[in-house]
Structure formats: structure tokens, C-alpha cells
Amino acid sequence: RAHRLGPWSRLTIDVETEGDARLLNAAVSTTVSSDAPIAVERALYWGNASGWYEGHDSFGLTETGLTWGLAEGRSGLAFGYQTYVLIANPSTSAATVDVTFVRESAAPIVKRFTVPATSRFNIDVSSEAPELNGERYGVIVNSVDDVPIVIERAMYWNSAGLLWSGGTNATGVKLR
């Protein structure tokens with residue numbers, strides 16, 4: 001899609017109203033390009049029939065990388081944390097990635113995934129690494145075959161009987 005953004009202006013793009021049924025309730029990543037310097041961020045909000053009650057936001061990254069780090073992830077614990085590692089592969093080749101979960105009190109756990117070309121890939125840590133239930137950890141994502149990627153982390157928790165009463169997001173730190 002092409003959008004015009006005038007000088008000293010702001011534009012919000014609601015993915016679900018872009019006119020493509022494939023975008024409704026879909027997990028997406030985006031590549032944004034411009035002929036002038038811009039700042040880009042991604043915001044996500046959730047709620048119930050009463051309206052939005054929580055959200056999180058992360059800034060856009062200006063380059064891809066081969067190895068990325070995330071300082072925080074949590075699974076289970078008192079608030080039922082759910083962590084997702086989100087990987088964008090803007091390349092035309094699939095990326096094989098090793099995801100290392102760096103634990104506080106045990107040996108790291110390494111899982112391997114294939115991220116299809118020009119796609120976004122979500123790792124639900126609770127499902128893909130159930131051995132981390134009840135733990136806090138960091139994450140290192142390395143592209144084994146040197147296909148450039150971008151990563152971020154989304155984390156949600158429950159409180160006062162409300163599913164996903166809170167959430168946070170962070171873009172990865174490029175390590176290589």
C-alpha cells in the first residue's frame with residue numbers, strides 16, 4: 001500500500017481497515033520505506049466488549065541482523081505469563097534460526113525453527129519450550145544460514161481474574 005505523509009504530520013494505519021480480508025485477525029509484519037526520513041512504530045491494543053483496556057508499542061528497526069538478543073521473557077509464574085518471540089524474515093530465502101533460552105538457574109535450552117521467506121513467524125514459548133514453565137529467561141536468536149532477520153518479544157500476564165490484563169513488547173537488540 002502507498003500512503004502520503006505530509007511534512008510535520010502523523011499517519012495511523014489500521015491494518016484491519018486496509019481493505020484486504022487476509023489482514024483481518026492476522027499476525028503480520030511490515031516493511032516501511034520512504035523517500036524522506038520518518039519514524040515508525042507498531043502499537044497493539046486489546047480489550048473486551050467494554051472497550052480497550054491494555055496495549056503495548058514498539059519502535060521500528062532500521063536494519064536487519066543475523067543475531068539478536070532479548071533480555072526478558074517469562075512463562076507461567078504467579079501471573080500466568082505468556083511470552084512470544086516474533087521473527088520477521090523480509091528476505092526471499094527461508095531462514096533457519098537457533099533460539100537459545102538463557103535461564104537464570106539452569107543450562108540454556110536451544111530450539112531450531114525455519115522461518116519462511118518474506119514472513120512473520122511467532123514462537124509461543126509456552127508451547128514450544130514447556131520446560132521453561134515457571135521461569136524467567138533471556139533469548140538469543142541466531143540466523144544459522146546468515147539470512148537477515150528482525151525480532152521482537154511480546155509478553156502478556158493475567159491479574160484480578162482478567163486474561164491478559166497486562167502486556168509489554170520490546171524489539172530485539174542487534175548483536176550481529
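Trainee: In which loop is Thr118 found?
Mentor: This is a predicted model. Strand β6 covers 109-115 and strand β7 covers 119-124. Thr118 is placed in the loop between β6 and β7.

Trainee: Is Thr118 buried or exposed?
Mentor: Exposed means over 50% relative accessible area. Thr118 passes that cut-off, so it counts as exposed, with a relative accessibility of 57%.

Trainee: What is the phi of Thr118?
Mentor: Thr118 is not a glycine.

Trainee: Where is Ala160, and what is its phi?
Mentor: Ala160 lies in the loop between β9 (150-159) and β10 (162-171). The residue is other than glycine, yet phi is positive. The value is near 50°.

Trainee: What is the relative accessibility of Ala160?
Mentor: The cut-off for exposed is over 50%. Ala160 counts as exposed because its relative accessibility is 82%.

Trainee: Now the strands. Is Ser58 buried or exposed?
Mentor: Ser58 sits in strand β2, residues 51-59. Its relative accessible area is 5%. Buried means under 20%. Ser58 is therefore buried.

Trainee: Which side chain makes a polar contact with the side chain of Ser58?
Mentor: Leave aside neighbours within four places in sequence. Ser58 then touches Glu41, Arg42, Glu152, Asn169 and Thr171. The polar contact, at 3.1 Å, joins the side chain of Ser58 to that of Glu152.

Trainee: How far is the C-alpha atom of Arg42 from that of Ser58?
Mentor: Arg42 belongs to strand β1, residues 41-48. Along the chain, Arg42 and Ser58 are 16 residues apart.

Trainee: Which side chain makes a polar contact with the side chain of Arg42?
Mentor: Beyond four places in sequence, Arg42 contacts His56, Asp57, Ser58, Glu152 and Asn169. A side-chain polar contact of 2.7 Å leads from Arg42 to Glu152.

Trainee: Does Arg42 count as buried, exposed or partly exposed?
Mentor: Buried stops under 20%, and exposed starts over 50%. Arg42 has 27% relative accessibility, so it counts as partly exposed.

Trainee: How far apart in space are Leu66 and Leu175?
Mentor: Leu66 is in the loop between β2 and β3 (67-75). Its contacts beyond four places in sequence include Val141, Val147, Pro148 and Arg176. Leu66 and Leu175 are 109 residues apart in sequence. C-alpha to C-alpha, the separation is 7.7 Å.

Trainee: What is the relative accessible area of Leu66?
Mentor: The buried cut-off is under 20%. Leu66 is buried because its relative accessible area is 19%.

Trainee: Step back to the protein chain. What is its radius of gyration?
Mentor: One helix and 11 strands make up the count of elements. For 176 residues, the globule rule gives 16 Å. The chain's value is close to that, so it is as compact as a globular protein of that length. The radius of gyration is 17 Å.

Trainee: What share of contacts joins residues 24 or more positions apart?
Mentor: Count the contacts with a separation of 6 or more. Residues 24 or more positions apart account for 67%.

Trainee: How far apart are the mean positions of the positive and negative charges?
Mentor: The protein chain holds 14 positive and 19 negative charges. The distance between their mean positions is 2 Å.

Key. Residues numbered from 1 in each chain as written. Predicted model: local features only at pLDDT ≥ 70, side-chain atom pairs only at ≥ 80, totals over all residues. Heavy atoms only, no water. Helix = DSSP H or I, 4+ residues; strand = E, 2+ residues; numbered from the N terminus. Buried < 20%, exposed > 50% of the residue type's maximum accessible area, 1.4 Å probe, protein only. Polar contact = N/O pair within 3.5 Å; in protein donor to acceptor, adjacent residues only side chain to side chain. Contact = heavy atoms within 4.5 Å. Rg over C-alpha atoms; globule rule 2.2 N^0.38 Å. Lys, Arg positive; Asp, Glu negative; His and termini not counted. Charge placed at Lys NZ, Arg CZ, Asp CG, Glu CD.
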